[in-house]
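These are short notes on one model. Please read them beside the sequence and the coordinates.

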Amino acid sequence: MRESALTLHSAVAAMIREQRSKMNDSAVKIVKTDSSSGTWQEAQEKALWAPAAKALGIAYAKDSYQGWADARKQIEAGSVTLDIIQISLIEEPQAKAAGVLEKLDEDVFNPADFVPGSYTDYFVPNSIYSTLIAWNRNTYGGSGPSSRADFWDVDRFPGKRALWNEPSGMIEAAVLALGTPREQVYEFLSTEEGRKAAIDKLAGLAPHVSVWWESGAEAVQLMTAGAVDMILTWGGRIQEATDGGANFAYSFVDGQLGTDGYAVVRGAPHRDAAMRLLKEMSKPEYHKDLPCYFSTALANVKAYDLAGFSPEKLATMASAPQNVAVQYAADPDWWSRYGAWASEAYAKVRLSR
């Protein structure tokens, strides 16, 4: 009897361990996409995370982080808690080189479903967005600073300006303000003279920058409150502000096309479950719903066929053909090579104004 009881106890203990293992494997932690804003995070949760997790029977938890460097710190400390992180395409080469990312399983997504050049073996896109100029109609009426040169022209267009406190899209805007055609931005920035000219151009504008915004939520607040007269920020945030009553206008001309997406952290505690979740929520039937909750554009091109957007809605989307035609794409290769320089040089401009 004693032996039978011990055997039964051992069997029950083994079952409990197995169940706990399965529960742990399904508890995928997805980090916040914006540490200080809920709108973009909530959109992803409603369109992607929640329905995909439900379809798979996978649980997930959300966490807050400031960027892929947080994942690197966890790896270096030997205590990885993050599974899936959101990064931009221009960050992918840097994060990969730093050993932060896990190569995605081959079946996680179908490359034919996505905008060419928007994905890698370590990165699956979730949205296409633009970095744009927006201006306050209450200040300028219908004749606002629609070009980068206008944004820099403090005599013709006096007023409070706002730039991001990170260099991406800001350094390129300075190059455009110098008169460089959009298709030659990264060729210009690939020379020492070009990089110096861009930083000098930013330094000249810095005294006139009232706010170096730190998050998309802050950008929306600035526009909604009428606290700035012009801003360089993401198109989805501009649309969010105008939907909320901000009297701002914007233009896609010379906008920078960027890509956000997901990556799996190297050493992720729930690697296999993370891969399954990414595979599920990268399908077009989930992607089609994302613009219903946030003003972004689709990365999964098959989702357009399912969504049936109106012409008015398409006009606000960065990846719509008519808008793609007047923009340029962010270059991850340039950022991989010069990203450290850009961060240091841009920080000096902000701190020394």
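1. How much space lies in the second largest pocket? About 330 Å³, in a predicted model. A pocket here is an open set of points on a 1 Å grid over the protein atoms alone, where a 1.4 Å probe fits, with protein on both sides within 12 Å along at least five of seven lines; lining residues have an atom within 4 Å of a point. The volume is the space filled by probe spheres set on the points, which are joined across faces, edges and corners.

2. The lining has 22 residues, and Val115, Ile128, Leu257, Thr259 and Ala329 are the closest to the pocket centre. Strands β5 (124–136) and β9 (248–265) each give two or more residues, with β9 giving the most, four. Strands are DSSP runs of E, at least two residues, numbered from the N terminus.

3. β5 also pairs with β8, antiparallel over five bridges (pairing requires at least two DSSP bridges). Threonine 131 has tryptophan 234 of β8 as its bridge partner.

4. On β6 (residues 161–164), the pairing with β8 is parallel, over two bridges. Alanine 162 is opposite isoleucine 231 in β8.

5. Strand β8 (residues 230–234) is largely enclosed by the rest of the structure, because four of its five residues are buried (under 20% relative accessible area, 1.4 Å probe, protein chains only).

6. Mean pLDDT (the predictor's confidence in each residue, 0 to 100) is 88, and 90% of the residues score at least 70. Residues 1–26 stay under 50, and residues 32–36 are also below 50.

7. Residues are numbered from 1 along each chain as its sequence is written. Local features need pLDDT of at least 70, side-chain atom pairs count only at pLDDT 80 or more, totals for chains, interfaces and linings use all residues, and side-chain values use heavy atoms, without hydrogens and water.

Technical notes. Contact means heavy atoms within 4.5 Å. Buried means under 20% relative accessible area, exposed over 50%, partly exposed in between (1.4 Å probe, protein chains only).
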